[in-house]
Amino acid sequence: MFTIIDLNYARCPLPFLSNELTEKISETVAKGKKSLLFFNRRGSARTLICRDCGYQFFCEHCDLAMIVHTSPTQKLLCHHCSMEYPMPHSCPKCHGTNLNSVGFGIQKVEENLEKLFPNIRVARIDSDKKRSEGIQFQEISEAQILLSTELGNTIALDDIELVVFLLLESEIAVPEYDIEEKIYTNIVYNARKGSDIFIQTFAPKSDLVRNITEWNYRDFLIHTLEERKTFSYPPYKELVHIWVRDQNKERIKDIIYKLKNKLETLKTSDIELYFDKELFTKRNNEYGQKIVLKGGNLSPLLETIEKEIFRNRGVSLERK
Ligand SMILES: [Zn+2]
Ligand SMILES: [Zn+2]
């Protein structure tokens, strides 16, 4: 039921498509069943760099690298604000033409699958496809291979027999404290439905992989709860991010400073408060900075300062 492929040793004629996996997909197709492949990297390649001067293409509104897309057209796309540029042919810094895509994304996997299995229908279901072309139910139901970037894409189809994590690390890299729980839940859900689970990873001996393959929910739970306890995450502590967003960094600093002082005066000793004063994110031309609050019960504190918080433009609260 579980197959673990160690990518340190596996033979992959095309990136992340190991011989074992392609054989398994062929078998599944021959039985008239579907394969669902997860790969949490949108786009075709990752980013575009100039090989002569090292220039990297960034979004002018966000502090994020532009992602190369090849479908439906060649372009650079910011995954945060959806800013698009046509594919550049030369470097804006040194004017060299030696531009190179680095990294690897789901659209490349789709191209490679179509090369490997020219007679098999592949359907990619991710937000780019949803936005650009839309996803038709018929396309999904007729496809033999489904490719998805998001674990959360619940695909209520009964004929999925093979669930594949092309690179488990691409899922784990998502910066959320409960990402391992989401992976574990997804795998257990699919395995319970009777699907074969195929996991490709560079770390086959990790606790997560062991707990999955041994159906060791108890160990997974104990390990996860220990970690959450050590780092004061839910369910042991409440976790709240207070965000301040504005085009003006000075205004953000000012609000954060006032909020922080207020919170420090009012908070009880069991509440932790921190923020990184150097760290700003930039999205859609706006800077952002957050205060993190952790504590057994944050509600009384948040109620006290509620008016203070929401009186300011650009201030929002996220319960994690
Ligand atoms: Zn250059
Ligand atoms: Zn952007």
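**Chat notes: strand S15 and its surroundings**

Reply: In this predicted model, strand S12 (residues 238-246) and S15 run antiparallel and are joined by nine bridges.

Me: Which residue does Glu 238 pair with in S15?

Reply: Gly 295 is the bridge partner of Glu 238 there.

Me: What other strands pair with S15?

Reply: Strand S13 (residues 272-274) pairs with S15 in the antiparallel sense, over three bridges. Strand S14 (residues 281-283) also pairs with S15 in the antiparallel sense, again over three bridges.

Me: Give me a landmark for each. Which S15 residue partners Leu 273? And what stands opposite Arg 283?

Reply: Leu 273 has Leu 293 as its bridge partner in S15. Arg 283 faces Glu 286 of S15.

Me: How many residues of S15 are buried?

Reply: Seven of the ten residues of S15 (residues 286-295) are buried, so the strand is largely enclosed by the rest of the structure.

Me: What about the turn between S14 and S15? How many residues sit between the strands?

Reply: The hairpin of S14 and S15 has two residues between the strands. Asn 284 lies in that loop. Asn 284 has a positive phi of about 50° although it is not a glycine.

Me: Why point that out?

Reply: Because most residues other than glycine have a negative phi.

Me: Is Asn 284 buried, exposed or partly exposed?

Reply: Asn 284 is partly exposed, with 15 other C-beta atoms within 10 Å.

Me: Where does His 95 lie?

Reply: His 95 is in the loop between S6 and strand S7 (99-102). His 95 is not a glycine either, yet has a positive phi of about 65°. His 95 is exposed, with 10 other C-beta atoms within 10 Å.

Me: OK, peptide bonds. Cis or trans from Pro 234 to Pro 235?

Reply: Cis, with omega near 10°. Pro 235 lies in the loop between helix H8 (217-230) and S12.

Me: Back to S6. What order do the strands take in its sheet?

Reply: S4-S5-S6, three strands in an open sheet with antiparallel pairing. Strand S4 (67-69) and strand S6 (84-86) stand at the edges. Each has a single partner strand, so one side of each is left without a neighbour in the sheet. The twist averages 30° from one strand to the next.

Me: How many bridges join S5 to S6?

Reply: Three bridges join strand S5 (residues 75-77) to S6. Leu 76 stands opposite Tyr 85 in S6.

Me: Switching to helices. At what angle do H9 and H10 pack?

Reply: Helix H9 (residues 249-266) and helix H10 (residues 299-311) pack at about 155°, with their axes 11 Å apart. That makes H9 roughly antiparallel to H10. H9 passes H10 in a right-handed crossing.

Me: Which residues meet there?

Reply: From H9, Leu 259, Lys 262, Leu 263 and Leu 266. They meet Leu 301, Thr 304, Ile 305, Glu 308 and Ile 309 in H10. By class, that contact has six nonpolar, one polar and two charged residues.

Me: Last bit, the whole chain. How many helices and strands?

Reply: Ten helices and 16 strands. The C-alpha atoms fill a box of roughly 65 × 60 × 40 Å along the principal axes.

Me: What share of the residues count as buried?

Reply: 27% of the 320 residues. Among contacts with a separation of 6 or more, residues 24 or more positions apart account for 66%.

Conventions
Residues are numbered from 1 along each chain as its sequence is written. Chains are lettered from A and ligands numbered from 1 in the order in which they are written. This is a predicted model: local features need pLDDT of at least 70, side-chain atom pairs count only at pLDDT 80 or more; totals for chains, interfaces and linings use all residues. Axes are lines fitted to C-alpha atoms, for helices over the stretch in contact, and angles run from 0 to 180 degrees between N-to-C directions. Helices (H or I, at least four residues) and strands (E, at least two) are DSSP runs, numbered from the N terminus. Angles under 35 degrees count as roughly parallel, over 145 as roughly antiparallel, 65 to 115 as roughly perpendicular and the rest as oblique. A crossing is left-handed if the near helix is turned anticlockwise from the far one by less than a right angle, and right-handed if clockwise. Two residues are in contact if their C-beta atoms, placed from the backbone, lie within 7 Å. Ala, Val, Leu, Ile, Met, Phe, Trp, Tyr, Cys and Pro count as nonpolar, Asp, Glu, Lys and Arg as charged, and the others, Gly among them, as polar. Two strands pair if DSSP finds at least two bridges between them. A residue is buried if 20 or more other C-beta atoms lie within 10 Å of its own, exposed if 12 or fewer, and partly exposed in between; C-beta atoms are placed from the backbone.
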